Amino acid sequence: MSKPRIATTSLCGCFGCHMSLLDIDERILTLAQLVEFDKSPINDHKDFTARCAVGLIEGGCANAENVHVLRRFREQCDILVSVGDCATMGGIPALRNMIPLEECLREAYVDGPSVFNPEGRIPDDPEIPLLLDKVYPAQEVVRIDYHIPGCPPSADTLWKTLTALLGGTSAELPYELIKYD
Amino acid sequence: MSTSLENAVVEVCASVGNDPSRLMDVARDIQARFGCVSAEAIDGIHKHLGVSRPTVRSLVSFYSFLSEEPKGRIVIRVCDDPVDRLFGYERVQKAFSDELGIPIGGTTPDGAFTLERTACIGMSDHAPAALVNETPVTDLSTDKAREIVAELRAHMSPERLVKKLGDGNNAHPLVRSMVKNHIRKAGPIVLVEHRHREATRKAAAMSPNEVIRAVKAARLRGRGGAGFPTGIKWEMARAAPGPRKFLVCNADEGEPGTFKDRVLLTEFPDRVFAGMTIAGYAIGAKEGILYLRAEYAYLRQFLEDVLARRRAEGFLGKSIAARHSFDFDIRIQMGAGAYVCGEESALLNSCEGLRGDPRNRPPFPAQKGYLGFPTIVNNVETLACVTRILDAGPATFSEYGSKQSAGSKLLSISGDVGMVGVYEVPFGVTLREVLELADGRETQAVQIGGPSGRMVGPADFDRTICYDDLATGGAMVVFGPDRNPIEIARMYMEFFEDESCGFCTPCRVGNGLLRRGLDKVLAGRGEPSDLAQFEEVARTMKATSRCGLGQTSFNPVLSTLTSFRPLFDSLVKEDPKKFRRSFDLEASTQEAARIRTGGAR
Ligand SMILES: Cc1cc2nc3c(=O)[nH]c(=O)nc-3n(C[C@H](O)[C@H](O)[C@H](O)COP(=O)(O)O)c2cc1C
Ligand code: SF4
Ligand code: SF4
């Protein structure tokens, strides 16, 4: 039987969740034996090569491209997992949800105290994906099957969840792993 | 600070003996005189009453009848409640808005008018209705709205809007209101002649414990919603140690669709005050407070007059009914527009001059209530029942109604019925019988027990009104065949979203989540998983909210879901690709596209 395929992506996240995944240390070797990585920043595969069993989503959706990628993940993966607080709830990027979009952009590119932009132009190249009015958690854009809290979730949490998922059992996460205060 | 403001603050603070626990009265008085409690006024109150600025400011920001920003000399508050919406709130509000040239929330440039929307003002039998300062204006139409504005512009005195007086005491010189009582059915318990003097004398001839025993024998339970046995509550307060005790009558009546306490206070204030006096005697309280919602301020002078008469007659004050040491007096505490203040511990905070945040319990008010002293809070109708029990004896009371629920219940019926109004029915009556009485035809749904009660459909019309089946604080809103029950549930959730005090996350956020979920379903963008989420959110709210508001406010959604499941199912759909049907990429990038092309908003 071929190994299950797994894909990962970072949408509007900081890559911290991916770093945490790498933090499983030498268990990455076991993981490599258990699964085949498909589209993922870990192996730098830019697109899917086949249907995947599991997709791990870091980050919520802040722009149109995030939405396209997430929808593609939904189409290509049997199970989608939101990893970390950005994916599950929007996280830090969602702080901008309280502020009108134009104000955010002006502060970042025109009015901010450290900005040098004599033209006062907000980046408008058509190549740049359009921002969404708000940052949306992944589950508000597509259906998500599992959510792992944490910023980032610890390597042990990710490891336990992944191995349980692959083994078809439910993850036993002791209190220490999901307690964040 | 201007001298006139300074002088007013000094005067107002002095009028309550510079007692910080009377902050509410001070703030209300300043608001009435200056149209706001400005930052300067807050400063003055801080100095003269000795309460911190943030305390004053948080009080002012909490109550909708108080504001830091100046309001117009005349504030028109259009009642925005589901019943009013069904009967033309939008049109009426727009007529006011057009005529005044300001949107909801706006004030005219000359400072003459402010236009606002407000939650149920206790006039669902008169929908659409509004308050013009303290004057209720009823049964509005667009024409009437325009006339009201034109008239006010000419004389600026809301009282003069009242041309035709209502029935009964609504026509009393101290009330002079166009409100009608709409008493449609009087039963033999509450809306029947009471000999309130007799009742008070009888109580005075008994020992306090005997009075409590009589109330227990009558099997009286609270009429305010929770249905707690009144005698047992009184016993707790009687037994609780304390140098002072208090008896509070809850006349906050904020549950949308309820107006029976309004009618009791208008027509039978003596029964209510006698009930308070008897209750005070039973628990050992010498001080009573009537907490009157701000929306009923038009009844205040009249009620003060009744209290004065009772003092003159020897039914308030010292040695009532000539019994040595039977001392009791009542003061009226005005609210300032907050539904949650009907919750008894929030009400006590409000009486103490604080924000109306509910308290943790235990301790229960009966142990530690107003100012920390043992306090009983009872509903207006409960106290009217007490007078009846003492007057006619416990047996007369307990023999009426059903086995488990003794006595009668006042229902405030409004919405799509031929005869809106107050009905006194025996407990145990079926919903169908009530609908027949009120001439409800082709009824599709009934919201019973107010928004935190239940929305039931025809399948439940043979169920009975009593504590063990369809419990109710008195609101009964009837919806005809053309109404959309989901839309109605949404309106109730909007109400709770506005009225949650915001202390607990599950309630503050949960009400909004449920409202947004219904929005999705109504827009045809819901999924079956949304319905499952309603149940999950409700479970969390019920288990983790601090007060009765958050513990029950999901009921409109859950009960509508139960009663109208096929309607919900017909509106929700699974997306074959598992994309969220509620997410609209086009709409959510519109603003960014506009900014990019430099377009106007
Ligand atoms: C949010 C909320 C609002 C309430 N509003 C009222 C009200 O307007 N009038 C009332 O009598 N009870 C109201 N109650 C119930 C009171 O907390 C309390 O149970 C009642 O006044 C006790 O009186 P009773 O035992 O005579 O019914 C409310 C409760 C909650 C949770
Ligand atoms: S959850 Fe934390 S670690 Fe993960 S992407 Fe967001 S900010 Fe980074
Ligand atoms: S349940 Fe709601 S209203 Fe009650 S205390 Fe909590 S936030 Fe306030």
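Predicted model: local features only at pLDDT ≥ 70, side-chain atom pairs only at ≥ 80, totals over all residues.
Residues are numbered from 1 along each chain as its sequence is written, and chains are lettered from A and ligands numbered from 1 in the order in which they are written. Local features need pLDDT of at least 70, side-chain atom pairs count only at pLDDT 80 or more, totals for chains, interfaces and linings use all residues, and side-chain values use heavy atoms, leaving out hydrogens and water.

Me: Which helix gives the largest share of the shell around ligand 2?
Reply: Helices here are DSSP runs (H or I, at least four residues), numbered from the N terminus. Helix H1 (16-22) and helix H4 (84-89) of chain A each supply at least two residues of that shell. The largest share, three residues, comes from H4(A).

Me: What is the angle between the planes of A:Phe48 and A:Phe73?
Reply: Rings of Phe, Tyr and Trp (its six-membered ring) pair if their centres lie within 6.5 Å; planes under 30 degrees apart are stacked, over 60 edge-to-face, and the rest tilted. These two rings are 4.9 Å centre to centre and edge-to-face, with the planes at 70°.

Me: How many residues apart in sequence are the parts tied together by A:Phe48 and A:Phe73?
Reply: A:Phe73 belongs to helix H3 (residues 64-76) of chain A, while A:Phe48 is in the loop between strand E2 (36-37) and strand E3 (52-58), so the pair joins parts separated by 25 residues.
Strands are DSSP runs too (E, at least two residues).

Me: Are A:Phe48 and A:Phe73 buried or exposed?
Reply: Buried means under 20% relative accessible area, exposed over 50%, and partly exposed in between (1.4 Å probe, protein chains only). Both A:Phe48 and A:Phe73 are buried.
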